[in-house]
Amino acid sequence: TASTSSRQGQAAEIVARFEGQKPYLVIKDGEPVVSDAPAAAPGKPVEALHIIVWDPDERKVIKLNMPFWLLRMTKGQPIKLSSNDDPGGQHMKLQITADDLERRGPGLILDHKEATGERVLVWAQ
């Protein structure tokens, strides 16, 4: 559980690390697409993928820190995301792979804000 002010402070701190960098993915028509943002650190090793999701209705922050070796186990398949709230629902299929993220190197992957206050931050470290 987190207050809006603590969540905003945490998000601002994370985004400040990537000042001037455009996210690799943007949400268009509800789907993630690769942006035209140049790579921030091409060729540098990626050790982990970090995800923070803020749900203002429930005042909850969900944090996921995933070691990159786990993503490499997808063996070139596009990354799939789904919500536990809808186990029978469709996966959001990203048209990127672990290899794409690794070639891009560490940096901001997604910084998405909904009009309702939800926010998703994803970055590779």
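**Around helix α2**

Mentor: Let's start with R72, which forms a salt bridge with E102, the closest N and O atoms being 2.6 Å apart (the rule: a side-chain nitrogen of Lys or Arg within 4 Å of a carboxyl oxygen of Asp or Glu). This pair ties together distant parts of the chain, since R72 belongs to helix α2 and E102 to helix α3 (residues 98-104), 30 residues apart. Helices here are DSSP runs of H or I with at least four residues, strands are E runs of at least two, and both are numbered from the N terminus. Keep in mind that this is a predicted model, where local features need pLDDT of at least 70, side-chain atom pairs count only at pLDDT 80 or more, and totals for chains, interfaces and linings use all residues. Residues are numbered from 1 along each chain as its sequence is written, and side-chain values use heavy atoms, with hydrogens and water left out.

Both partners are partly exposed, R72 at 38% relative accessibility and E102 with a relative accessible area of 25%; that label covers the range between buried (under 20%) and exposed (over 50%), with a 1.4 Å probe and protein chains only.

Staying on helix α2 (residues 68-72), you'll find L70, partly exposed at 39%.

Apart from neighbours within four places in sequence, Q77 is in contact with I96 and T97, contact being heavy atoms within 4.5 Å.
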